[in-house]
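Reader: I have a model open and would like to go through a few of its features. Could we begin with a loop and then move on to the helices?

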Amino acid sequence: MSFQSLHDRGVIARWREFLPVSEKTPVISLNEGSTPLVHSPRLSALVGLGCEVYIKYEGLNPTGSFKDRGMTMAISKAAEAGARAVICASTGNTSAAAAAYAARGGMTSIVLLPAGKIALGKLAQAFMYGAKVVAIEGNFDDALRLVREIGETEPIAVVNSINPYRLEGQKTAAFEIIETLGDAPDVHILPVGNAGNISAYWMGYNEFHQHKRSTRLPKMIGYQAAGSAPIYYGKVVEKPETIATAIRIGNPASWDKAAAAMKDSGGTVDIVTDEQILAAQYWLASHEGIFVEPASAASIAGLMKCMGKDRCATCPMPTIAEGSRIVCTVTGHGLKDPDVAAKHISGISTVRADKSAILSLIGG
Ligand code: F0G
C-alpha cells in the first residue's frame, strides 16, 4: 500500500463528496469504517424463503463500535471551529469514541456517564484515552440533559448525536452496504437506543437513492430492549432497565427522526427481552464466530423472533418477501462487556500438562 493510500482511509477520506467538509477541515481519523459485511448462512437458513442475511460488523471499528464513524466527523468539525474541549453523555461507546478522537486531535474530552451502568471495557477505554470521567447519579437521559445545559454556557463542543455531524458520519455505513451488495438491501435491522443510528442509515440510504447509486430503499426495522422501549410504547420511560446497558435509554434524542424512518420506509419498531438478547448474543458467537455486545445482539434477537420460520403467529412485523436481502447491524464488540460474557465461563478443567490427560478429558 502506498503512503498516499494509507491516508485515503477513514470515512471522511472515502466519502468526502457526501460529507460537509472542506479543505479547511482538519481530518482527525483512526481509519474507521469500511467494516466487513459478513454473509450469515445460518441466519439465512433460519429465515428461509431463499432470503440472504448479512451482518454489518461495526465492532471492528477502531474503538470497537459504530460511534467512530460519527466521531471522526464531530471531532474534525470541532477542530475546524477551534474547539479545545469536547463533552458527551454516554452509555459507554460514544464516550470511548469521543475520548479516542479527542486524544488524536489534541483536545480534552469530558464524558458524563450513568454511575454503575457502564460496561467495564468501555469505562476502561474512557480512562485509557485520557478522558475526564464524571459518573452522575442518574441515567443517560439525565446526563444528556446536563450536557445540553453545559454546551449552552461553556466553550465546550457537544459531540453527542444532537451534533448533526455525528449522523453525517454514521450515514456512511449505508453507503458501504450499497457498494458491497450493489444495491440497498430489502430490510435493514438495527438496535435502537438514543435513535441516532437508525436515523443516520435512513439518511444514507435516501441520499444514495437520490444519487441513483441504488434502486430501492430498505424497510428500516428497529429493536428496543423491552425495559427501555420508549418509541415502541410511545412514551418516555422514566426508569429504563436492560442488561444491554448501551441502549438503556428512556427518552431518545432522535426519537422523531427514527420513528419517521421506520414509518416512511414501511418498517416498524419492536421489542426484545433481555433473555432473547442474551440468547442471540451467545448464538451469534457460537454459531457464526461473531462476538458482539448485548445491545448489538438486539438486532439478531429481533430477526430470530420476528423473521424466523418459527415466528409467533401474532408478530406485528411486515412479512419478509421471498429472496429478500436482510442486513443486521451489530453495533459494538463483545469484548466491551466482559462481565456479561464471563457468565459463560464455566467448569474449566485443569489437567496435567500431558497429552493423554488432555485426550481423556476431551474424549479423544
Ligand atoms: N448499540 C450500541 C453498542 C450502542 O452503544 C448504542 C448507543 C446503540 C446500539 C444504539 O444506537 O443510540 O444511535 O440508537 N450508544 C450510545 C452511547 C447511546 O452513549 O454510546 P443509537
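This is a predicted model: local features need pLDDT of at least 70, side-chain atom pairs count only at pLDDT 80 or more; totals for chains, interfaces and linings use all residues.

Reader: What is phi of Ala195 near?

Author: Phi of Ala195 is near 75°, a positive value in a residue other than glycine.

Reader: Is Ala195 buried or exposed?

Author: Ala195 counts as buried, because its relative accessibility is 3% and the cut-off for buried is under 20%.

Reader: And Lys212, where is its place?

Author: Lys212 is found in the loop between α10 and β8 (219-225). Its phi is also positive, near 60°, again in a residue other than glycine. Lys212 has 73% relative accessibility and therefore counts as exposed.

Reader: Turning to the aromatics, how many aromatic pairs does the structure hold?

Author: There are eight aromatic pairs in the structure. One of them joins Trp15 and Phe208 edge-to-face, at 5.9 Å centre to centre with 70° between the planes. Trp15 belongs to helix α2 (residues 11-15) and Phe208 to helix α10, so this pair ties together parts that lie 193 residues apart in sequence.

Reader: Are Trp15 and Phe208 buried or exposed?

Author: Trp15 is buried, with a relative accessible area of 3%, and Phe208 is buried as well, at 1%. Both rings also belong to one aromatic cluster, formed by Trp15, Phe18, Phe175 and Phe208.

Reader: Which helix holds Tyr201 and Tyr205?

Author: Both lie in helix α10, four residues apart, which is about one turn of the helix. Tyr201 counts as buried at 1% relative accessibility, and Tyr205 counts as buried at 0%.

Reader: Now to α7. Which of its residues are buried?

Author: The buried residues of α7 are Phe140, Asp141, Ala143, Leu144 and Val147. They cover an arc of only 155° around the axis, so they are on the same side of α7.

Reader: What do the buried residues of α7 pack against?

Author: They pack against the strands β3 (85-89), β4 (108-114), β5 (132-136) and β6 (157-158). The face turned away from the buried side carries the exposed residues Glu152 and Thr153.

Reader: What does a side-chain oxygen of Asn139 reach at the start of α7?

Author: That oxygen comes to within 3.0 Å of the backbone nitrogen of Asp141.

Reader: How far apart are the end C-alpha atoms of α7?

Author: They are 21 Å apart. At 1.5 Å a residue, the 14 residues of α7 (residues 140-153) should span 20 Å, so the two values agree.

Conventions. Residues are numbered from 1 along each chain as its sequence is written. Side-chain values use heavy atoms; hydrogens and water are left out. Helices (H or I, at least four residues) and strands (E, at least two) are DSSP runs, numbered from the N terminus. The expected span of a helix is 1.5 Å times one less than its number of residues. Buried means under 20% relative accessible area, exposed over 50%, partly exposed in between (1.4 Å probe, protein chains only). The arc is that of the directions from the helix axis to the C-beta atoms. Contact means heavy atoms within 4.5 Å. A polar contact is a pair of N or O atoms within 3.5 Å; within protein, one must be able to donate a hydrogen and the other to accept it, and residues adjacent in sequence count only if both atoms are side-chain atoms. Rings of Phe, Tyr and Trp (its six-membered ring) pair if their centres lie within 6.5 Å; planes under 30 degrees apart count as stacked, over 60 as edge-to-face and the rest as tilted.
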